[in-house]
Every structure is written in structure tokens, then in C-alpha cells.
Amino acid sequence: MRTVEGMFEEMKKIAEEEGYQFNPVQEDLDDILQGLWDNMHRYGYGSCPCRIASGVIADDMDIICPCNYRDADLVEYGCCLCTLYVDDDWIAGKKTHDPIPERRPQEYFEKGYPGIMEQKGAGDKDMAEVYRCTVCGYLCAREEPPDLCPICRAKKERFEKFGMK
Amino acid sequence: MNKARPMLYTLSTCVHCKATKRFFKSQGIIYDFIDVDKLEGREKEDVRSEMIRLSGTVRFPTIVIGDTVIVGFYEDKIRAALGL
Ligand code: SF4
């Protein structure tokens, strides 16, 4: 992956398969992609360009693009934090283009991402549930299942809570 | 209007930070900035603590205009703080 273009080609392929779309403003898109590419090269992983990275991959696991917060932000605000991924309403100007709130908990910026098993193991009621797509078996930890399974495109209703016990 | 130069805490990779700098330039306003991702070690930690003191978080851009701390590129808030 030598160039920004090469990186974007790969991202586009996945986005097309999964039904995501990119920011249509070429200037902004180029800036975001350049930022992501810079991070990939200095850290060795594609950390979110508009968040501060720790430089330690385990601590930044949740903010490697596409980050864990993208889908929830797309549903709520029509864009991800960087506005790399956007939806139709955002493009049509039906959603505000003001900055959106940070969904990543502040403590992750200070202590790093705790990892999924630790989150469940902590037994905290605020912790995300694990949901399983009953169609393809895809697992994700979040407050709600995604609207569409990113793997097989099954609808939200096809997800069930996944017991860890 | 505040006399001190506005201070921008930014990331070199962040599209919103770039837009903020462009906005200040377009208004002909001289500002200071730190690209926090370009710092290392102790220096980076110090600036992060400074940001947490200012706003309670480490989000980008964080814009300090006099006593006003703005987290995020809110053009209207920036205009108001600058008296534009
Ligand atoms: S906010 Fe957008 S660009 Fe940033 S990591 Fe998440 S999906 Fe990628």
C-alpha cells in the first residue's frame, strides 16, 4: 500500500460491499485520507485522523479506521466524527454539519481502550452488550445492534444478545 | 475583543483542524497553534494535561480565545469570541 490512492481503492471496495459512502467533497475527502495515510505510516496502523493516537496499537484498537463509533454516529448524526463516512441525509444537507460529539469515552483517551473481554468482565451495567447476527454469526459489542450487519447486510431485527456466560 | 493571540490545539492529520486554520487565515487573524500529534514524550503529555485542564477533554481542534475555550470547529462560536 504505497500511495493514498492505493489505500483508498481498498477502502472503496469494502465500503461498496458494505453499503457505506464517503464524503463527496473532494477537498475534505483528500485531507481525511491523507491524515489517515500519515497515521498508518507513522504508527503502523490507521488510527483515526481526527483523534489523538497513543501510538500503542492495543490502546487505540477502538479508533482504528473504521472506528468502533462510526456506525452509531452515522445513525445518529449522518456522519462519522471525521466526516469520512456520511449518509444520504448528511449529503443532502438535512443533518447539521457542525462538529458531532465524541462518542469515545474520555477515559479511553487517558488509559487506552480496555478491550472487549475486559469490558464484559468488569460487569459494569453501563458496558456495551455483545450482539450476534443470527444470519452470519458476526459479533459486535455496542449499546445497540447495527442497523445493518456489516458482513451480510441482515437487518437489525436479526441480531440477538449474545451471552458470555 | 481579546488582545491575546488565539491559541489552537490541533492535529496535523485532522480535517476539522485544517478547516479551523483556514478560517482564521481567511479572516486575517494571527494565531498560535500546536500540532499535538507532532510532539513526543513528556512534551506531548504536558500539552494533553493542559488541554484536559482547559476543557476536560482532548478533542481537536481546541480553540482558546481569551477566556473562551471552544472544542470543535464551530464557526459561529469562534466569530462571537473574536467579535467578528
Ligand atoms: S471517525 Fe471516521 S475517519 Fe475517523 S476512524 Fe472513525 S470511521 Fe474512520
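How much space lies in the largest cavity? Before we get there, a word on the model: it is predicted, local features need pLDDT of at least 70, side-chain atom pairs count only at pLDDT 80 or more, and totals for chains, interfaces and linings use all residues. Residues are numbered from 1 along each chain as its sequence is written, chains are lettered from A in the order in which they are written, and side-chain values use heavy atoms, with hydrogens and water left out.

The largest cavity holds about 90 Å³. A cavity here is a set of points on a 1 Å grid over the protein atoms alone where a 1.4 Å probe fits but cannot get out, and its lining residues have an atom within 4 Å of a point. Its lining has 13 residues, and A:C48, A:C65, A:C67, A:C80 and A:C82 are the closest to the centre. By class, that lining holds 11 nonpolar, no polar and 2 charged residues (Ala, Val, Leu, Ile, Met, Phe, Trp, Tyr, Cys and Pro count as nonpolar, Asp, Glu, Lys and Arg as charged, and the others, Gly among them, as polar).

There are 2 cavities of 30 Å³ or more.

Let's turn to the helices (DSSP runs of H or I, at least four residues, numbered from the N terminus). Helix α2 of chain A, residues 26–43, and α1(B) cross at roughly 125°, and their axes come within 9 Å; axes are lines fitted to C-alpha atoms over the stretch in contact, and angles run from 0 to 180 degrees between N-to-C directions. That angle makes α2(A) oblique to α1(B), because angles under 35 degrees count as roughly parallel, over 145 as roughly antiparallel, 65 to 115 as roughly perpendicular and the rest as oblique. In this contact (heavy atoms within 4.5 Å), A:E27, A:D28, A:D31 and A:I32 of α2(A) meet B:V15, B:K18 and B:R22 of α1(B). Of these residues, 5 are charged, 2 nonpolar and none polar.

Within chain B, helix α1 (residues 15–26) packs with helix α3 (residues 75–82) at an angle of about 40°, their axes 12 Å apart. Again the pair is oblique. On the α1(B) side the contact is made by B:T20, B:F23 and B:F24, and on the α3(B) side by B:E75, B:I78, B:R79 and B:L82. This contact has 4 nonpolar, 1 polar and 2 charged residues.

Note on methods:
Helix = DSSP H or I, 4+ residues; strand = E, 2+ residues; numbered from the N terminus. 1 Å grid on protein atoms, 1.4 Å probe; cavity = no way out; pocket = protein on both sides within 12 Å on 5 of 7 lines; lining within 4 Å. Points joined across faces, edges and corners; volume = space filled by probe spheres on them.
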